[in-house]
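Open the model in your viewer and keep the selection tool ready. We will go stop by stop.

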Amino acid sequence: MSDTSRSYIQELIIEELGVAATFDAATEIERRVGFLVERMRAAGSSGLVLGISGGVDSSTAGRLCQLAVERVRGEGGDARFLAMRLPYGRQRDEDDAQRALTFIEPDDTLAVDVQPASDAMLESVKASGLVFDDPGRLDFVLGNIKARQRMIAQYTAGGARNMLVVGTDHAAEAVMGFFTKFGDGACDLTPLSGLTKRRVRALASELGAADDLVGKVPTADLESQNPGLPDEEAFGIGYDEIDDFLEGKPVSEHAHETIVAAHRRTAHKRTVPYEVR
Ligand SMILES: Nc1ncnc2c1ncn2[C@@H]1O[C@H](COP(=O)(O)OP(=O)(O)OC[C@H]2O[C@@H]([n+]3cccc(C(=O)O)c3)[C@H](O)[C@@H]2O)[C@@H](O)[C@H]1O
Ligand SMILES: Nc1ncnc2c1ncn2[C@@H]1O[C@H](COP(=O)(O)OP(=O)(O)OP(=O)(O)O)[C@@H](O)[C@H]1O
Ligand SMILES: [Mg+2]
């Protein structure tokens with residue numbers, strides 16, 4: 001592929017995902033808190049709900065949510081933020097999740113273990129006669145069940161309290177399609193959309209998160225057989241290269257091909273569901 005075609009594809013993706021040419025962390029915090037306030041008002045909702053894993057994405061989005069509900073209350077309204085711990089059994093890095101909660105200072109916290117429901121669904125499907133020949137495949141599918149059970153838990157709490165469900169999708173995950181369709185990809189509002197991973201970290205830092213939280217190694221942590229598998233190992237390239245690509249900078253041919261292939265392969269997740277025309 002020629003250099004011109006490569007940059008053209010890069011520009012199309014940057015535009016599709018809404019990555020801005022310039023970035024200022026304080027301005028983005030203000031804009032995104034304002035967005036959450038506006039969406040709560042428009043929906044007539046009583047607040048926001050979000051799962052907090054201990055990773056930098058949910059720490060950042062969680063703090064934005066807390067600031068947004070405090071702004072609504074400061075202006076005479078009534079809104080609360082519900083942070084949900086949603087471990088699958090005992091979480092390996094529970095300490096980080098607790099530190100994230102200390103940073104966010106949410107109004108309310110609930111902890112729901114998603115393991116019983118996740119395991120029960122897998123067992124029921126297996127009992128129907130579905131056979132998994134490959135244990136690796138079974139573990140991967142169970143990982144996506146965990147993400148979907150987290151979605152159900154958040155919508156259950158949101159439904160009970162008239163709250164909107166917040167998602168943590170941003171441009172670096174969106175371009176790679178690195179989320180579970182109708183799992184963590186299912187939500188009402190995405191206050192981090194359009195951000196690269198380093199810009200999410202810049203927001204976290206500007207919001208006052210500790211360095212270890214800001215710099216925490218990203219992991220979906222869904223596979224029991226590969227606990228804490230870094231996203232970058234799953235991608236085969238680094239977030240720095242993905243971020244450079246999304247910020248319009250030159251990247252290696254390997255990185256370019258990997259990103260464009262992932263973007264194409266996962267197009268169905270960013271436009272769901274496909275409709276007959
Ligand atoms: N071309 C197409 N047109 C329409 N639909 C298509 C399709 N190809 C697959 N599909 C459907 O999509 C399904 C596959 O999508 P999906 O179920 O999402 O599954 P899949 O993309 O295979 O797996 C999810 C990936 O996202 C990662 N993840 C998940 C959650 C959180 C995070 C994180 O960063 O924290 C990362 C996870 O580690 C895994 O690598 C297929 O089973 C099929 O139903
Ligand atoms: N154990 C968990 N408890 C609560 N929520 C979770 C858990 N695991 C995942 N989630 C939810 O799913 C979202 C997607 O996970 P993802 O790993 O992309 O984000 P993160 O863990 O916040 O940050 P990072 O991508 O840097 O690991 C999280 O932001 C969070 O809202
Ligand atoms: Mg994570």
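Which elements each supply at least two residues of the shell around ligand 2? Keep that in mind as you start; the model you see is predicted.

**Stop 1: ligand 2**

Select β1, residues 47–51, and then α3, residues 56–74. Each of them supplies at least two residues of the shell around ligand 2. Now colour α3 on its own. α3 gives the most to this shell, with three residues.

Next, show the side chains around ligand 2. The shell has 19 residues, and Gly51, Ser53, Gly55, Ser58 and Pro218 come nearest. Colour the shell by class.

**Stop 2: ligand 1**

Move to ligand 1. Here 16 residues surround the ligand. Select Ala147, Thr180, Lys181, Ala220 and His268, the closest of them.

The largest share comes from α6, with three residues. Colour by class again: this shell holds seven nonpolar, five polar and four charged residues.

**Stop 3: asparagine 162**

Follow α6 (135–161) to the loop between α6 and β4 (163–165), and select asparagine 162 there. Look at the backbone. Phi of asparagine 162 is near 55°, a positive value in a residue other than glycine. Most residues other than glycine have a negative phi.

Is asparagine 162 buried or exposed? Count its C-beta neighbours inside 10 Å. There are 12, so asparagine 162 counts as exposed. The cut-off for exposed is 12 or fewer.

**Stop 4: aspartate 221**

Now go to the loop between α9 (211–214) and α10 (231–235), where aspartate 221 lies. Aspartate 221 is not a glycine, yet its phi is positive, at about 50°.

Is aspartate 221 buried or exposed? Aspartate 221 has 22 C-beta neighbours inside 10 Å, so it counts as buried. For buried, the cut-off is 20 or more.

**Stop 5: the annotated domain**

Zoom out and select residues 29–273. An unreviewed UniProt entry lists this stretch as "domain: NAD/GMP synthase". Switch to a cartoon view. Over these residues the chain is 55% helix and 7% strand. Finally, pick the C-alpha atoms at the two ends of the stretch. They are 31 Å apart.

Technical notes:
Residues numbered from 1 in each chain as written. Chains lettered and ligands numbered in written order. Predicted model: local features only at pLDDT ≥ 70, side-chain atom pairs only at ≥ 80, totals over all residues. UniProt positions renumbered as here; feature names shortened; annotations may be inferred. Helix = DSSP H or I, 4+ residues; strand = E, 2+ residues; numbered from the N terminus. Near = placed C-beta within 6 Å. Nonpolar A, V, L, I, M, F, W, Y, C, P; charged D, E, K, R; others polar.
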